[in-house]
Each structure stands twice: as structure tokens, then as C-alpha cells.
Amino acid sequence: SGGPTLYCIVTAWKSPACLRLPMKFLSRPILVVLGLFTGALRAAEWQPIAVPGAWEENGPPAAHSYDGIAWYRTWVKVPDSFFKDTDKYEEIKYAETVGVVIRDLADAHEVYVNGARIGAGGQFPPDFKTARHEAHRHRVPVGTLRMGEWNEIAIRVCNQSGPGGFLGGAPRIMNIMNECMLEGRWEFFPGDGYRPGRALAS
């Protein structure tokens, strides 16, 4: 009904998109809480989940004792600076500095942006290897994000034992000047077989 609704809270005010914040690359983020709920795309098997937190605690009842493969997904509009070529004062190609930052995600993971696989941490079975205690910055190739559209971020996760999901902070999408904390309401599917999709125009 009506398309996407964005929930974005920044300490003391609200905004419909990631804010333009002058920040140093990989500096401590200013709190940005960002999530998206899209009723039109949510099939019966997708359920809302709060990120960060273990899926056993924040997920639907089916996830409370679940080990295996699961998917997270959300949609985000990013600032225009994510598409900027160069700064007139600096030899920086901003579009080439965009990345998705993930840390303390149990256990192995793959990250997709608009259907394109941009990176992974650990290894999926049969040669399982956890990346639970690692930090990753997955570069988003130029041309993957869509300006002015809702970009899908989908994360495939394999958890073999213990708590699963985002055990530290929420993921971030960032470039050299802007940083968006993707904290809040995502969608969750305990199982495999999802095929990540493309950006939404509205």
C-alpha cells in the first residue's frame, strides 16, 4: 500500500533520508537510525526484526531456536554525494569510496546491493568458517547504487551454533564524507533460496 515508508531518527530530529554529515572516513559515527518497511514486497515468510541484536531475541518465533541460513534485507536512499565523481578542491572520487561496513555478525555472511554480491565474510558450509569476531568493509562498485531510488541491501547469514545475527552494532553504508547507520527495523527470513532484487523507484 503506497510504497516504502522510511524510519530515520537522528538523536534529536527526524529526516526522510541519510543526512549530510561532515565526517572523517571510518570515524566514530554520529548516531543515525535507519530502516525501511516495504509492505508491497513483504511476502508471508518475511518478518520484521530489530537490528542490531541476535535473531533468537529480536526475530520471529521461528528464529528463537534456529541455526542455519537466514536473510536480512532493507532499502535505503543514500545522499547524492555517494554518486559524486570528484571534489573541485580534492582529487577524490567519492563514488569509489562507498562501502558497507559489517562487524560482529554471526557467523558467515554475504552482502548484496541491488542484487549484486559485493563481499563476504567467513565461509558457508561445507567448509564452514566463522567471521563472528571480524570487521569487514565491503566496497560497493560504482554504478551499483541508484540515485534517488530505494536501494536494496540484502545479507545472507549462516549461523551454526549460538546466537545468530548482528551481535555488535548495526551495519553502515558510507563514503568518505557521509555515514548512515542502518539501525532499526529490517526484514528477516529464516531459510535460504531468496534472490536479491533491484532498487525501487518509489
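The model is predicted, so local features are given only at pLDDT of at least 70 and side-chain atom pairs only at pLDDT 80 or more, while totals for chains, interfaces and linings use all residues. Residues are numbered from 1 along each chain as its sequence is written, and side-chain values rest on heavy atoms, without hydrogens or water.

Start with the whole protein. It contains one helix and 16 strands. Helices (H or I, at least four residues) and strands (E, at least two) are DSSP runs, numbered from the N terminus. Of the 202 residues, 52% count as buried. Buried means under 20% relative accessible area, exposed means over 50%, and partly exposed lies in between, with a 1.4 Å probe and protein chains only. The exposed surface comes to about 9800 Å², and carbon and sulfur atoms supply 51% of it. These areas come from the Shrake-Rupley method with a 1.4 Å probe; for residues, only the protein chains shown count as cover. Contacts (heavy atoms within 4.5 Å) reach across the sequence. Among those with a separation of 6 or more, 77% join residues 24 or more positions apart.

Now turn to the six-stranded sheet. Its order is β4-β16-β6-β12-β9-β10; the sheet is open and the pairing is antiparallel. β4 and β10 are the edge strands, each with a single partner strand, so one side of each has no neighbour in the sheet. Neighbouring strands of this sheet are turned by 30° against each other on average, direction ignored. The axes behind that angle are lines fitted to C-alpha atoms, for helices over the stretch in contact, and angles run from 0 to 180 degrees between N-to-C directions. Two strands pair if DSSP finds at least two bridges between them. Strands of a sheet pair through backbone hydrogen bonds, either parallel or antiparallel.

Strand β4 covers residues 47-51 and pairs with β16 in the antiparallel sense over five bridges. Val51 has Gly184 as its bridge partner in β16. Ala50 also sits in β4. It counts as partly exposed because its relative accessibility is 38%. Leaving aside neighbours within four places in sequence, Ala50 is in contact with Asn58 and Gly184. Ala50 and Trp186 are 136 residues apart in sequence, yet their C-alpha atoms are 6.2 Å apart.

Next comes β16, residues 184-190. This strand is mostly covered, with five of its seven residues buried. Strand β6 (residues 68-76) runs antiparallel to β16, and four bridges join the two.

Val111 is the bridge partner of Gly119 in β10, and His109 is the bridge partner of Gly121. β9 and β10 form a hairpin with two residues between them. Asn114 lies in this loop. Its phi is positive, near 50°, in a residue other than glycine. Asn114 counts as buried because its relative accessibility is 14%.

Asp104 lies in the loop between β7 (99-103) and β8 (105-106). At 24% relative accessibility, Asp104 counts as partly exposed.

Two bridges join β5 to β13 (residues 165-166), and the two strands run antiparallel. Here Gly53 stands opposite Phe166 in β13.

Two cis peptide bonds complete the tour. One joins Val51 and Pro52, with omega about 5°. Pro52 lies in the loop between β4 and β5 (53-54). The other runs from Pro125 to Pro126, with omega near 15°. Pro126 is in the loop between β10 and β11 (135-139).
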